[in-house]
Amino acid sequence: MNKKDGNKRGGSRPNSARPNSNKPKPPMPKRSQKPKKNTTLAAEGDAKKPQKTSKPVNNIPKPLKSDDIRLNKYISNSGVCSRRDADIYIQSGNVKVNGEVITEMGYKVKPGDVVNFDGTVLTPERKEYILLNKPKNFTTSNEDDADHRNVLELVRAATKAKIQPIGRMDKNTTGLLVFTNDTDMIRKFSLPNQKSFKIYQVSLDRNLKFEDLEKIAGGVTLDGHRLFVDEISYIDGEPKTEIGLKLRTPNVKVVRAIFESFKYDVLKIDRVAFAGLTKKNLPRGNWRFLTEQEIINLKNI
């Protein structure tokens with residue numbers, strides 16, 4: 001046998017050690033479809049009392065989510081103040097739960113607990129978030145004005161919650177305005193240093209000069225404070241009296257002040273975008289509830 005033959009046959013194993021390939025093999029026994037009996041457990045079962053078969057893990061019900069809520073959040077949900085301010089009231093001893101003064105930070109309120117805040121029993125409201133496309137001649141001011149109506153009239157049918165607008169708009173400014181009873185969100189979007197963008201379409205009494213546009217783009221100083229403009233441009237297909245302005249400041253009055261500082265009269269201001277929200281499918285004077293994703297986006301800004 002040469003080397004090649006040896007390799008083909010798997011080496012130089014003696015013929016006497018090989019099984020007779022001509023001998024018929026016994027038939028394979030059929031495997032039982034039943035599970036094998038564990039003889040070890042069977043033997044132990046004689047000595048021990050048989051145990052009940054446990055249910056599969058997937059069938060075990062998950063524990064119910066606790067309805068407990070942190071005290072400062074409970075107070076904030078009632079609409080009286082923000083969580084941060086609630087912490088101050090708690091530390092000052094002005095909050096009682098079931099008649100007992102609570103000063104512990106992180107204390108959790110259970111369902112059925114009675115929370116007394118500065119002498120008043122609180123009833124938390126469900127958080128509501130509403131977007132309005134504000135029309136002209138409606139004011140956000142709480143002061144009585146016989147000539148102009150309040151924007152709350154436009155969203156009164158939406159909810160019974162004590163909502164209020166985020167920021168202020170004068171009677172002549174139109175566009176997007178968010179209402180909510182979430183005091184934390186109201187406070188967040190009222191801070192001077194904002195991360196969120198607001199986009200305005202501004203109508204001027206005359207064409208905006210290109211050199212003035214460039215100066216505004218570089219930032220302007222108003223009342224001794226430097227204001228940075230994120231973006232300013234002419235609006236495509238419109239006269240050069242129509243300007244697009246992108247800012248982070250929550251104060252709408254700043255928009256008018258920018259152009260007035262360059263001796264332009266502002267005829268109209270329309271907020272077309274607010275923190276990622278737009279006027280798409282929302283005609284003037286109409287409102288809608290924010291979607292869950294939109295609420296999450298606002299909270300994550």
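**Charges and rings in a predicted model**

The charged end of Lys240 sits over the ring of Tyr234, 5.2 Å from the ring centre. The model discussed here is a predicted one.

Colleague: What makes Lys240 count as sitting over the ring of Tyr234?

Modeller: The distance is 5.2 Å, and the rule asks for a charge within 6 Å of the ring centre and within 35 degrees of the ring normal. Lys240 is listed as over the ring of Tyr234.

Colleague: Which residue lies over the face of Tyr264?

Modeller: Arg206 does, at 4.0 Å from the ring centre. The limit for that distance is 6 Å.

Colleague: Why is the contact of Asp184 with Arg83 called a salt bridge?

Modeller: The closest N and O atoms of Asp184 and Arg83 are 3.4 Å apart. The cut-off is 4 Å between a side-chain nitrogen of Lys or Arg and a carboxyl oxygen of Asp or Glu, so the pair qualifies. Side chains of opposite charge can pair when their charged atoms come close.

Colleague: Where in the chain are Asp184 and Arg83?

Modeller: Asp184 is in helix α6, residues 183-188, and Arg83 is in helix α4, residues 83-91. The two are 101 residues apart, and the pair links distant parts of the chain.

Colleague: Are Asp184 and Arg83 buried, partly exposed or exposed?

Modeller: Buried means under 20% relative accessible area and exposed means over 50%. Asp184 has 26%, so Asp184 counts as partly exposed. Arg83 has 35% and therefore falls in the partly exposed class too.

Colleague: What makes Arg149 and Glu153 a salt bridge?

Modeller: Their closest N and O atoms are 2.9 Å apart, and the limit is 4 Å. Arg149 has a relative accessible area of 47%, so Arg149 is partly exposed. Glu153, at 32%, is partly exposed.

Colleague: Why is the pair of Tyr89 and Phe117 called tilted?

Modeller: Planes under 30 degrees apart count as stacked, and planes over 60 as edge-to-face. The planes of Tyr89 and Phe117 meet at 55°, with ring centres 4.6 Å apart, so the pair is tilted. Tyr89 is in helix α4 and Phe117 in strand β5, 28 residues apart.

Colleague: How do you know whether Tyr89 and Phe117 are buried or partly exposed?

Modeller: The limit for buried is under 20%. Phe117 has 9%, so Phe117 counts as buried. Tyr89 has 30%, so Tyr89 is partly exposed.

Colleague: What makes the pair of Trp287 and Phe289 edge-to-face?

Modeller: Their planes stand at 85°, so the pair is edge-to-face, the cut-off being over 60. The ring centres are 5.3 Å apart, and the pairing limit is 6.5 Å. Trp287 is partly exposed at 29%, as is Phe289 at 37%.

Colleague: What share of the residues in the protein is buried?

Modeller: Buried residues make up 35% of the 301 residues. The protein has nine helices and 19 strands.

Methods: Residues are numbered from 1 along each chain as its sequence is written. This is a predicted model: local features need pLDDT of at least 70, side-chain atom pairs count only at pLDDT 80 or more; totals for chains, interfaces and linings use all residues. Side-chain values use heavy atoms; hydrogens and water are left out. Helices (H or I, at least four residues) and strands (E, at least two) are DSSP runs, numbered from the N terminus. Buried means under 20% relative accessible area, exposed over 50%, partly exposed in between (1.4 Å probe, protein chains only). Rings of Phe, Tyr and Trp (its six-membered ring) pair if their centres lie within 6.5 Å; planes under 30 degrees apart count as stacked, over 60 as edge-to-face and the rest as tilted.
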